[in-house]
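Please look over the structure shown below before reading on.

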Amino acid sequence: MHTKFKYLAMTALFLSASSAVCAMDLTKAYDMPDAAKMIKKDLFPAAKQYTMPKSCNLNDPKAIARGKYMFSNLNGKKAKKPAPEGLVKFVKKTGKDGKVKKKAKQFGNCVACHNIEGARGAGNIGPSLEGYKANFIDTKTRDAQFVYQKIADPRIDNPNTHMTVNLTTGLFTEQEICDFTAYIVSDKKKK
Amino acid sequence: MRKTILSLAFLSTMAMLQLNAGEQFAMSDADRAMYKEMLENNPADIFVEEGGEILEEALGGEEALAKFLGVSEKELPKYIAGFPRYVKKLGNVVGLDQVMQAMQVEQGKEKTKLKSGKMFSMLAYVKSLANDEVPNIDLSESHEKEAYALGKKTFMTKRGGRGLSCNACHSADIVGQVLRTQPLPDLGEVASGATWPAYRMTKSSLRTPQRRFQGCMKNALLKVIPIGSKEMVALEVYVTKLAQAKNKKISIPGLKR
């Protein structure tokens with residue numbers, strides 16, 4: 001009994017030792033870090049359809065003022081006038097002295113690609129939005145829902161668009177998309 | 001001695017940079033002759049040589065490598081031209097750097113980090129053993145086929161803050177256009193899959209293909225994924241196949257702007 005046990009133990013020892021020499025498991029011997037999770041978190045969200053919310057009041061002068069402010073990039077460091085009601089974004093920056101400061105954040109900047117009434121330094125990657133109401137809304141070529149969707153996620157209208165995606169990416173909130181829409185479809189006096 | 005070589009390398013780099021800036025336009029015969037000479041004196045040759053020494057001293061050289069991979073020394077170049085490839089005892093499609101790590105572990109040595117100068121040198125040396133071979137990714141092998149599909153998917157995946165994919169800048173319909181003074185390269189035509197590891201002149205160092213991919217990810221705001229991950233290895237398979245499709249020969253170390 002005793003010798004039999006000893007014999008078994010010896011065999012087991014021998015087997016495990018020889019397997020270590022002959023066929024060491026190398027399937028975990030090298031680095032293969034995981035990237036799948038990183039990529040998944042980094043994915044560009046798919047194009048999404050939106051319905052302009054009922055809460056969008058396109059005739060609200062405050063909404064129009066906010067839309068204009070964001071569209072024209074009058075915000076951020078360059079801001080000369082106080083922001084319209086309900087519209088300042090801040091980022092936290094650590095200064096040289098180590099203190100955390102709130103700084104006005106640059107946002108919007110549609111003017112980088114679009115001309116519009118009174119625009120300064122407008123780009124032309126996107127179409128001019130000057131006279132939008134008369135040209136497109138009054139003629140029923142477009143409606144506010146189209147404009148809302150275009151700004152929220154332009155890929156629904158044009159999958160290969162060069163325009164930025166604003167709602168699906170979380171760059172802006174629903175209310176802010178409403179503000180842009182209100183401004184674009186509003187009656188603007190030429191300055 | 002080594003210092004002088006390095007500073008010579010640096011000088012030639014500077015000369016090349018200036019040369020390269022003018023390359024888009026016209027090159028004089030004198031410039032062209034100089035360029036040719038630089039190509040023959042790649043500053044990365046030192047690193048490749050160093051990689052060979054490390055392999056020899058620490059792991060037993062090509063003989064040990066061939067044995068580890070289960071091929072004869074004569075078959076080694078062709079076999080290496082098939083990397084990244086499925087290595088049964090490693091259980092995955094792997095890069096040559098991962099093979100080096102497994103060899104180290106098997107020999108009871110410390111594993112060299114994938115993202116380290118020492119590993120870059122070893123990788124460059126081992127890949128250079130396949131110089132003059134055309135890359136040889138074998139899509140009839142099921143694991144490699146799978147890796148190629150993953151590589152293609154990773155290449156096409158739009159991600160990051162701007163929603164860009166590798167394909168956004170390297171697809172057939174856009175190559176040749178200029179992004180901030182840099183013409184967008186056709187990765188098959190410039191033989192990326194056969195010319196990295198390369199000396200990257202703007203970085204004054206030896207860079208591996210996966211390290212190069214990381215550079216594009218960083219610049220284009222895609223989250224930088226780690227060297228050696230399944231997706232990175234798969235990207236290398238995909239990009240290597242692009243060079244193979246154009247019948248380009250492996251030529252390590254490459255010389256890049």
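Does A:Lys140 count as buried or exposed? The model is a predicted one, and in it A:Lys140 counts as exposed, because its relative accessibility is 73%, where over 50% is the cut-off for that word.

A:Lys140 is found in the loop of chain A that runs between helix 4 (132-137) and helix 5 (144-152), and its phi is near 60 degrees, which is a positive value in a residue other than glycine. B:Leu221 also has a positive phi, of about 65 degrees, although it is not a glycine. B:Leu221 lies in chain B, in the loop between helix 11 (209-219) and helix 12 (230-245), and it counts as partly exposed because its relative accessible area is 45%.

Most residues other than glycine have a negative phi, and most peptide bonds are trans. In chain B, the peptide bond from B:Phe83 to B:Pro84 is cis, with omega near -5 degrees, and B:Pro84 is found in the loop between helix 5 (76-80) and strand 1 (85-87). A cis peptide bond also joins B:Trp196 and B:Pro197, where omega is about 0 degrees; B:Pro197 belongs to the loop between helix 10 (192-195) and strand 5 (198-200).

## Chain B as a whole

Chain B contains twelve helices and seven strands, and 49% of its 257 residues count as buried. When the contacts in chain B between residues at least 6 apart in sequence are considered, 65% of them join residues at least 24 apart. The accessible surface of chain B comes to about 12,900 Å², and carbon and sulfur atoms account for 53% of that area.

## A negative patch on the surface

On the surface of chain B there is a patch of negative charge, in which B:Asp45, B:Glu49, B:Glu53, B:Glu56, B:Glu57, B:Glu63 and B:Glu73 gather. Helix 3 (residues 45-59) of chain B supplies the largest share of this patch, namely five residues. B:Asp45 lies in helix 3, and it is described as partly exposed because its relative accessible area is 33%, which falls between the limits of 20% and 50%.

## Salt bridges

Over all chains, a search of the whole structure finds nine salt bridges. One of them brings together the side chains of A:Asp42 and B:Arg159, with a distance of 2.6 Å from N to O. A:Asp42 lies in helix 2 (residues 36-42) of chain A, whereas B:Arg159 lies in the loop between helix 8 (142-156) and helix 9 (166-170) of chain B, so the pair joins two chains. Both A:Asp42 and B:Arg159 are buried.

Within chain A, the side chains of A:Asp138 and A:Lys133 meet in a salt bridge at 3.3 Å, N to O. A:Asp138 is partly exposed, with a relative accessible area of 45%, and A:Lys133 also counts as partly exposed, at 27% relative accessibility. A:Asp153 forms a salt bridge with A:Arg155, and the closest N and O atoms of this pair are 3.0 Å apart. Here A:Asp153 counts as buried, at 0% relative accessibility, and A:Arg155 counts as buried as well, at 12%. In chain B, salt bridges that share partners join B:Glu189, B:Lys246 and B:Lys248 into one network.

Technical notes. Residues are numbered from 1 along each chain as its sequence is written. Chains are lettered from A and ligands numbered from 1 in the order in which they are written. This is a predicted model: local features need pLDDT of at least 70, side-chain atom pairs count only at pLDDT 80 or more; totals for chains, interfaces and linings use all residues. Side-chain values use heavy atoms; hydrogens and water are left out. Helices (H or I, at least four residues) and strands (E, at least two) are DSSP runs, numbered from the N terminus. Buried means under 20% relative accessible area, exposed over 50%, partly exposed in between (1.4 Å probe, protein chains only). Contact means heavy atoms within 4.5 Å. Accessible areas come from the Shrake-Rupley method with a 1.4 Å probe; for residues, only the protein chains shown count as cover. Patches are made of residues with over 30% relative accessible area and no salt bridge: like charges are joined within 9 Å, nonpolar side chains (Val, Leu, Ile, Met, Phe, Trp, Tyr) within 5 Å. A salt bridge is a side-chain nitrogen of Lys or Arg within 4 Å of a carboxyl oxygen of Asp or Glu. Lys and Arg count as positive and Asp and Glu as negative; His and the chain ends are not counted. The place of a charge is taken as NZ of Lys, CZ of Arg, CG of Asp or CD of Glu.
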